[in-house]
Amino acid sequence: MHRRTALGGALTALATAAAGVLVAAAVSTAPAAAAAGGTGTGYLHTSGNKIVDSTGATVRLTGINWFGMETDNKTFHGLWSSNPWRSQLDTMARLGYNTLRIPYSNDALKSGATATGINDFVNPDLIGLSPLQILDKVIDYAGSKGMRVILDRHRPTSAGQSPLWYTSTVSEATWINDWKMLAQRYAGNTTVIGADLHNEPHAEGTNPAATGACWGCGDTARDWRLAAERAGNAILGVQPNWLIFVEGVSCPSGGLSNVWDNDPSNDEDCGWWGGNLSKAGQFPVRLNVANRLVYSPHEYATSVYRQAWFDDPSYPANMPAIWDKYWGYLYKQNIAPIMMGEFGTTLQDPKDKIWLQNLMAYTGTGVNGMSFTYWSWNPNSGDTGGIANDDWTTINQPKQDILTPYLIPPTGGGGTTSPSPTGTPNTSPAPTTPPPPVTGGCTATYKQINSWAGGFQGELTVKNTGTAAVNPWSATWTWPSGVTLASGWNATVTQSGTTVTAAAPAWASSLAPGASVTVGFTANGTAANPGSVKLNGTAC
């Protein structure tokens, strides 16, 4: 068994696959009767193998994981960086990620839990907040961008993952009660669409003395399918509008094969932790509310573990049949939707690039394709890396280029925000009075996000009102003497004297007619509106 080195990452089980399997066809992308832009309207439910919104329009969740709340920090990683938390979400949405999967541990939900690893200078609005209060703010802001949120019970404690959904210190009752609390906390908030019940159930013990999570074995202490029904129905009893995301196991028996006993009856075909749904067709999860079940397998590349199928002579032609066997059949047979909750790679091995390209093609293009949330936004995922680079601001372009054709960006506001049960006010920024539009090819609007003793945070949105693309674009503005740049994002931001320049990043060098770009920054000194804003020398 091989453990991922990432904080909050996935784990793998030793697995084998027979060589010479037949290649299966890719997922059909026939036009749907109705398609939703972004993430649709209202709460979501299922219809066959589709996820649909409240109007019946098909929705494809194309999201990303932002981990940290399941670790000792008990809140999102990267809050220690120079990139404010809102700007990180801005980048995710701009890149096309319409859903945020948020791992947590039950430790983070406890009364008195403390969030650590936060750069107070960059994120002053998070000072003194509990992990749940920070989660409230992230959900509210994600919803304002049209994103959806899936909550993922990743670990019982911040110490590590568990093969079963309970441990000696975290009972099944605690697991379920915490889920019910979250369902009640976000009742009425359509940004939060569902519960990923437990991350990566997996085998433990050697067959026939299995002690890990099985599927369909009937042992209530180990049968993950039965536990998922108990938790799912408890959640739906509180919040019947949520989707219930159920991962697979690694080995359906719940135990590891003894390859040395020469007894083939104890050997079975295992997969990634959380990735084996091969028995779900025979033993489906049964929920009390119809059209709420989504199966959510995990899938990884050689940077996590070099499964036997990666070295098959027919690779990558062997992969579709493997995916079909473990989870794809559920989609292809119209049994239920698939939402790959985790998949990722460092792309260091050439086989991994081939894997990612083929996996994305397998999910299908357009709104009818399978849903997914990529692992991860975080660059500190030890065996996959992230979409964000180590500065938590720039992005890993080779990964993004593979994913981009399959991403459906969020559009508009994603939901109705309910009042925070903790009484924490919604501190979404209100724009200051923008400078009046100036003819000549561009307009500029300034929004102050935060201010504190000795500094402030702002966003400058520049729009190309001309008839031709500006490529590459560069925005400049002036600040009063004594105001100095601390950090910037969505562009390469520099300062010379009182003049600040935001140069186009490599991944978004062109500003089309009618398009706009928002440059974020923090600065030292007394808060001040940018003056003399220009786009490529043209005054706005």
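Which residue takes a positive phi in the hairpin of S18 and S19? Glycine 497 does, with phi near 65°. The hairpin has 2 residues between its strands.

The model is predicted: local features need pLDDT of at least 70, side-chain atom pairs count only at pLDDT 80 or more, and totals for chains, interfaces and linings use all residues. Residues are numbered from 1 along each chain as its sequence is written, and side-chain values use heavy atoms, with hydrogens and water left out.

The protein has 7 helices and 22 strands. These elements are DSSP runs numbered from the N terminus: helices are H or I with at least four residues, and strands are E with at least two. The protein contains 540 residues, and 57% of them are buried. Buried means under 20% relative accessible area, exposed means over 50%, and partly exposed lies in between (1.4 Å probe, protein chains only). Contacts are counted where heavy atoms lie within 4.5 Å. Among contacts between residues at least 6 apart in sequence, 75% join residues at least 24 apart. The protein exposes about 19,000 Å². Carbon and sulfur atoms supply 54% of that area. Accessible areas come from the Shrake-Rupley method with a 1.4 Å probe; for residues, only the protein chains shown count as cover.

Strands of a sheet pair through backbone hydrogen bonds, either parallel or antiparallel. Two strands are taken as paired if DSSP finds at least two bridges between them.

Strand S13 covers residues 371–374. It is joined to strand S4 (residues 62–65) by 3 bridges, and the two run parallel. Glycine 63 has threonine 373 as its bridge partner. Isoleucine 64 is partnered by tyrosine 374. Strand S11 (residues 339–340) also pairs with S13 in the parallel sense, over 2 bridges. Here methionine 339 stands opposite serine 371. In a regular strand the side chains alternate between the two faces of the sheet. Both faces of S13 are covered. Ser371 and Thr373 are buried on one side, and Phe372 and Tyr374 are buried on the other.

A second open sheet has 5 strands in the order S18-S19-S16-S21-S22, and its pairing is antiparallel. The edge strands are S18 (492–496) and S22 (538–539), each pairing on one side only. S18 and S19 (residues 499–503) form 5 bridges in the antiparallel sense. Serine 496 has threonine 499 in S19 as its bridge partner. Glycine 497 belongs to the hairpin of these two strands. Strand S16 (residues 474–478) runs antiparallel to strand S21 (residues 531–535), and 3 bridges join them. Threonine 478 stands opposite glycine 531 in S21.

A pocket is an open set of points with protein on both sides within 12 Å along at least five of seven lines; a cavity is a set where a 1.4 Å probe fits but cannot get out. Lining residues have an atom within 4 Å of a point. Grid points are joined across faces, edges and corners, and a volume is the space filled by probe spheres set on the points.

The largest pocket has a volume of about 480 Å³. It is lined by 22 residues, and the closest to its centre are Arg94, Asn490, Ser516, Val517 and Thr518. Helix H1 (85–95) gives the largest share of the lining, 4 residues. Strands S14 (442–452), S15 (455–464) and S20 (516–524) each supply at least two. The lining has 11 nonpolar, 5 polar and 6 charged residues. Ala, Val, Leu, Ile, Met, Phe, Trp, Tyr, Cys and Pro count as nonpolar, Asp, Glu, Lys and Arg as charged, and the others, Gly among them, as polar.

The structure also holds 2 cavities of 30 Å³ or more. Of its 14 lining residues, Asn49, Lys50, Ile51, Gly369 and Ser371 lie nearest the centre. Strands S2 (50–52) and S3 (58–59) each give two or more residues to this lining. The lining divides into 7 nonpolar, 5 polar and 2 charged residues.

Lysine 447 lies in strand S14. It counts as partly exposed because its relative accessibility is 28%. Lysine 447 and glutamate 459 are 12 residues apart in sequence, and their C-alpha atoms are 5.2 Å apart in space.

Key
On a 1 Å grid over the protein atoms alone, a cavity is a set of points where a 1.4 Å probe fits but cannot get out, and a pocket is an open set with protein on both sides within 12 Å along at least five of seven lines; lining residues have an atom within 4 Å of a point.
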